[in-house]
Every structure is written in C-alpha cells, then in structure tokens.
Amino acid sequence: MASYDKAIESYKKTITTAASVAASLMLVRGVVNELVPYEVRDLLFSGLGYLRSNMSSHHTIIIEKKNDGLTNNHIYDSVKTYLATRINTNLQQRLRVSIMDEDDKIMISMADGDDMTDMYEGTEFKWCLICQDNSSDSSNNGYGGQQEVSYEVSFHKKHKETALKSYLPFILATAKAIKDQEKTLRIFMNEYSDTWSPIDLHHPSTFDTLAMDQKLKQSIIDDLNRFIKRKDYYKRIGKAWKRGYLLYGPPGTGKSSLIAAMANHLRFDIYDLELTEVSSNSDLRRLLVGMSNRSILVIEDIDCTIDLKQREESEGGDKSNSTEGNKGEDKVTLSGLLNFVDGLWSTTGEERIIIFTTNYKERLDPALLRPGRMDMHIHMGYCTAESFQILANNYHSIDYHVTYPEIEELIKEIMVTPAEVAEVLMRNDDTDVALHELVDLLKSKMKSADVTKTEDKDANNQLDEKQDAKDNSK
C-alpha cells in the first residue's frame, strides 16, 4: 500500500512538472514573438532546424510539383510515373485514380498524406505525398488559393549519396522508358514544301508478326537494340547518333511492314518524306531540322520518287550561265540530301533512324549506299517456307496443316510475294478453304512460269535457226 501511494505521488509530481514546463515554454514563446524581431526569430528557428537535422539519423528530399510555384517540375512527374509501377494496391488503403491521356489509360497513385516504401539495391526509401493549402499564406505574392503538392522521400543519412547520384537518376530513366513505351506514336507527312503534318500511327506490325527469315529478323532487332544503347559511344567517337537502313526488293515483300515494326519496337515516330513536295535544298533542310529526336525518317522509292541530280551535275558544269545556275538552286539535289544524311546537318538531332526503300537497288547512286549513309542493306525477298508459316499463324492461328508440305515445295520453285500469300489467306475464314486456294494459286503460277520458260526457249531456238541460216548462206 505504501508503494502504491509513492507511485501516485511520483505521478502527480511528474504531471505538475510537465505542466510547469509547458507553461514556461508558452510564456517564452509569447515573449519571443512580442519582443524578438521576425528576422531574428527566423534565424533562431533555422538554426534549431539545422541542429535537429544533424542529430537525426534520417534525411528527407522534397520534390515539389511546381518550380517556384509556377512552372512544372519534371522530376515530380517522373516520380509519379515511377511510383505508380511500384505501388502495392493490397497494402494501400486509399488510392488515387486518374486518366492519363486520350487512350483512357488509368494511373493508380497514392492519396494525400499516404506513404509507401520502395527498395532500391537493398536500401529502403519511404515516400509520402504531401498536400498543403496555402490560401492564407501571405508569401504567395498574390497567388492565393493555391495548393502546394510535393513528394517527400526519407532514408537513412548514410545513403544520401546513393539517393542523389543513383536512385533519383534511376527513377528518371525508368519513368522515361515507361512514357516512351506508352506514348501514342505518330506519323508525319510533309505539306507545303517545308511543313510537317502529324496523325496518330496505329500500324499493328511487329517483329513477331513480320513474315521474314528468322535470322535476318533477329539481326535487325539486335542492330536496333545496340544502336539505342550507344549514346556515349557515338559521342566518344565523334559521330552523329544515327543509323541508316536500305530496304530493297520487289514490291509486296514487306518493306512498309518492316518500317512499322521498327517504329513499334523502338517507340519512335515516323517522318514520311515525300521529296516531290519539296522545292529546294533549303526547304529540305528546314523540314529535316524540324524532326524530333527518337524518330525514323523514311524516303520510299528513292530511285524514282524524284530525279535527284548527280553531284557532279549539280556542283559542276558551265557556271557562266547564271540563269541555269539559279534554276539549279531551286531543286532538291542528291548533294543536298547527302548533306543531311551524313554531313554537318546530320548532327542537328539525336537517336535517329534513316530508311531508304527501293525496288531496284542497282539504280541508286553509289554515294547513297556506302557505310555511314546506309549502314545496313536489307534484302526483302519473295516468300519462303518460313515466312509462309508465320503468315498462316497470323491469319489462321495454326502451326501445321496437311497442305503445308505441298505449299512449301511449291514456294521453293516459284516467286510469290508475302503480300500475295497474305491476300489469299485473308479471303476466307475457313482454314481448309484458304489453304487449298493458296495451293491453286501457287500451281497456277507454276504453270505460267513453265509456259514462259517454254516460250523463251522456243524464241531462243528460232533465233539460233535464223543465225544458222545466215551463216550457211554465206
């Protein structure tokens, strides 16, 4: 009983002391607010905050939504995108849901005041979303009613270097990759000689659906993947960060589909340049400089889209006739195009792909074909057994059919484009009917080829007979 009374008495003393201390602090605070100038108080509180932060074992980084309350802070947007991929919907009791773009993609993020933990290389980072209403704050300089939103990330102070030099850059890179992957691709067409006009690109072609030899397809994928990872390499060797591809082969062999597959793989926009709409080299430069980074420039049918003047013709010749010289300046020349492909103008952008297509490679000026301009030449050939199987799987979701052996033997003997095969496979939803119609088409082509060979043989024999008759008459 005596010990109980002592405990009660000790508790009363503690309460009394605490109340006395609290009252003293309130009195001191009132005196300080009344007698000490604002600047001195601010200095004292800052010193106390500095002392408290040095004594604490944790540090905090604040990432505000707005820079100086006006412009958007891109780091904030990157953090929001990154954390949306790390949030655990089972643990978070409150979630914020928003629509990100016109495609109605939903983003799930933290609600105000909530927190979550992220692990990076074995280090724990605790995130919290802070929202403060500053409508009554006189420091808003006339922008009353605004709400300050920020992310705060806390971590042990020994990981400060990791947070600033590794973790935050990792978040920025991850968010950029996410946005690049999710963005709506666009295709730009040139209008009025020096203006680009964009529309959304929804071409479904991918490397999985592309009817092409698997080894060639993989070599293209590997080349693209290596290219986009070599920014520092291109900078170190002093070359523009670009890559050139020449796609050549008969019509209907999938050149346009390959371009779309490359764009979907890299998440690059496409700039489809129609040279016949460009009146001069200066307009061409304005168009090409107006391209964005991470894009693909496409010039289709480069051999016949425009009569590109040879360099010796455009740069040489009789210059005494000023009228003719002025006319030459008003045309797009091969030299003007090459200046952008690998001249000084090629350094006006980064991470660019340049693609020329042609049905007749032999017609191109050799200056277009050398490495550094067209780095990889890709032959788009006729349909093979392997590409036929890809098409059959694309259009009818099958891996094998009783007609496969016959079709594959016929494809080895005749020239048929992937476009022709695809057209037959699309005609009928019944797989048996579609494949038997393909067999009929291939047999028909075989007969036509045999007739052509016979006619050519007969014509050659007739020529030989005429030549023999001439020789005998002599």
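The paragraphs below go through the salt bridges and surface patches of this predicted model. Local features need pLDDT of at least 70 and side-chain atom pairs count only at pLDDT 80 or more, while totals for chains, interfaces and linings use all residues. Residues are numbered from 1 along each chain as its sequence is written, and side-chain values use heavy atoms, with hydrogens and water left out.

The structure holds 14 salt bridges, a salt bridge being a side-chain nitrogen of Lys or Arg within 4 Å of a carboxyl oxygen of Asp or Glu. One of them joins the side chains of Asp283 and Arg286, at 2.3 Å from N to O. Both residues belong to helix 8 (residues 281–289) and lie three residues apart, about one turn of the helix. Helices (H or I, at least four residues) and strands (E, at least two) are DSSP runs, numbered from the N terminus. Asp283 is buried, at a relative accessible area of 10%, whereas Arg286 is partly exposed at 46%. Here buried means under 20% relative accessible area, exposed over 50%, and partly exposed in between (1.4 Å probe, protein chains only).

Glu409 counts as partly exposed because its relative accessibility is 46%; Lys412, with 59%, is exposed.

The salt bridge between Asp303 and Arg363 has an N to O distance of 3.8 Å. This pair links distant parts of the chain, 60 residues apart: Asp303 sits in the loop between strand 13 and helix 9, and Arg363 in the loop between strand 14 (352–358) and helix 12 (366–369). Arg363 is exposed, at 54% relative accessibility. Elsewhere, salt bridges link Lys176, Asp180, Arg294 and Glu351 in a network.

Next come the surface patches. Patches are made of residues with over 30% relative accessible area and no salt bridge; like charges are joined within 9 Å, and nonpolar side chains (Val, Leu, Ile, Met, Phe, Trp, Tyr) within 5 Å. Glu191, Glu274, Glu277, Glu300 and Asp301 form a negative patch. Lys and Arg count as positive and Asp and Glu as negative, with His and the chain ends not counted; a charge is placed at NZ of Lys, CZ of Arg, CG of Asp or CD of Glu. Asp301 lies in the loop between strand 13 (295–299) and helix 9 (311–315).

A nonpolar surface patch consists of Leu95, Val97 and Ile108, which together have about 230 Å² of accessible area, computed by the Shrake-Rupley method with a 1.4 Å probe, where for residues only the protein chains shown count as cover. Val97 belongs to strand 4 (residues 95–99) and is exposed, at 55% relative accessibility.
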